[in-house]
Amino acid sequence: MFTRPPGGREGLEVTVVERSGQLLLTTGSPYVADPTAVADFNPYMPGMALFGVLPGDARWWLGGAFVAALAAAGLHRAWLLACPLVALPFAVGGIDLPVVGLMCLGAVLAGQGRSGRAGLALGAAAALKWTAWPALPVALALIAVRRGGRPALRYAVVALSTATAAVMPFALAGPSGFYRNVMAFPLGLADTASPAASPLPGHLLATYVPGGRVIALALLAVSALLLAVSLVARPPGTARAAAARLALGLGLAMALIPATRFGYLVYPLVLGALAYRMSQRGSTPVTPSREKALV
């Protein structure tokens, strides 16, 4: 059974999700308009609050969504669940697990030519946490190079519609609170410091180097720009390549953001495991006739 750790940061994440769900039910918004203490902040996208609305312990839903997404993506390996970076958040209710699970599923569906379903999976991931956003252009590039313009457009419409429908009503209803919770706090720009402070390069720069926060954010922007350029210059042609590109990009991002923690490395780990798994079994191209049956 899951056990709630006494006071740990992982326990706080689940508490934030459950509280945001209650706020959504009582106030119509998962965010505190003027957060001051760490416990007031909800740095997740509005979709994450659904795990706090569902009946029972949110940790069961978070872990179950992760396992279901991995199974649908064909990545159900016992060693992966036993890895400490996955096992710890799985045991205590890590909020990053369903996000990376949906990212894996979206990459696989995009590689199979299921553009609509890929858009739904990645749009849902983007509605949970901003860390899923890099997957949106990567999958778009994959579908465009493998299937052409119309499937890529279908994917883009579904993905953006899904994410927008979940996020925009809350962003427009309370833009100040949305910015403070979802953008300023995780980037370390809020008056209240985030407890995410693992000694990775971005945090070390922001803490010990004069102007280091600006340097870290600049390096983060450069890494994002390089990822975007790579999608144009050398777009991924398979789901394996897309997963590997995401693993590299998110590995750099998690190392460079000023408010960071080792738990974020679950993203490059799981996506890298997906890329490795697909390289072991190979990727089966989807013919145009089969694509019509899949979409």
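Throughout these legends, Ala, Val, Leu, Ile, Met, Phe, Trp, Tyr, Cys and Pro count as nonpolar, Asp, Glu, Lys and Arg as charged, and the others, Gly among them, as polar. The views show a predicted model, in which local features need pLDDT of at least 70 and side-chain atom pairs count only at pLDDT 80 or more, while totals for chains, interfaces and linings use all residues. Residues are numbered from 1 along each chain as its sequence is written, and side-chain values use heavy atoms, with hydrogens and water left out.

**View A. The second largest cavity.** Here you can look into about 50 Å³ of space. A cavity is a set of points, on a 1 Å grid over the protein atoms alone, where a 1.4 Å probe fits but cannot get out; lining residues have an atom within 4 Å of a point. Grid points are joined across faces, edges and corners, and a volume is the space filled by probe spheres set on the points. Among the residues that line the second largest cavity are Met103, Gly106, Leu142 and Leu246. H6, helix H8 (135–147) and H13 each give two or more residues to this lining; helices (H or I, at least four residues) and strands (E, at least two) are DSSP runs, numbered from the N terminus. The lining divides into ten nonpolar residues, one polar and no charged.

**View B. The largest cavity.** This space has a volume of about 280 Å³, and the structure holds two cavities of 30 Å³ or more. Its lining has 21 residues, with Pro43, Tyr44, Phe185, Ser194 and Tyr264 nearest the centre. Sorted by class, the lining of the largest cavity has 15 nonpolar, two polar and four charged residues.

**View C. The largest pocket.** A pocket is an open set of grid points with protein on both sides within 12 Å along at least five of seven lines. The largest pocket has a volume of about 470 Å³. Its lining numbers 19 residues, and Trp130, Pro134, Leu220, Ala224 and Ala253 are the closest to the centre. Helix H10 (175–184), helix H12 (212–233) and helix H13 (239–256) each supply two or more lining residues. H12 gives the most, with seven. By class, this lining holds 17 nonpolar residues, two polar and no charged.

**View D. The second largest pocket.** About 270 Å³ of space lies here. Of its 16 lining residues, Gly47, Leu50, Phe51, Ala124 and Leu128 are the closest to the centre. Helix H3 gives the most to the lining, with three residues. The classes are 15 nonpolar, one polar and no charged.

**View E. Arg245 in helix H13.** Find Arg245 in helix H13. Arg245 counts as buried because its relative accessibility is 17%, buried meaning under 20% relative accessible area (1.4 Å probe, protein chains only). The side chains of Arg245 and Ser230 are joined by a polar contact of 3.1 Å; such a contact is a pair of N or O atoms within 3.5 Å, where within protein one must be able to donate a hydrogen and the other to accept it, and residues adjacent in sequence count only if both atoms are side-chain atoms. Not counting residues up to four places away in sequence, Arg245 also touches others, including Leu227, Arg234 and Pro236, where contact means heavy atoms within 4.5 Å.

Terms used
Buried < 20%, exposed > 50% of the residue type's maximum accessible area, 1.4 Å probe, protein only.
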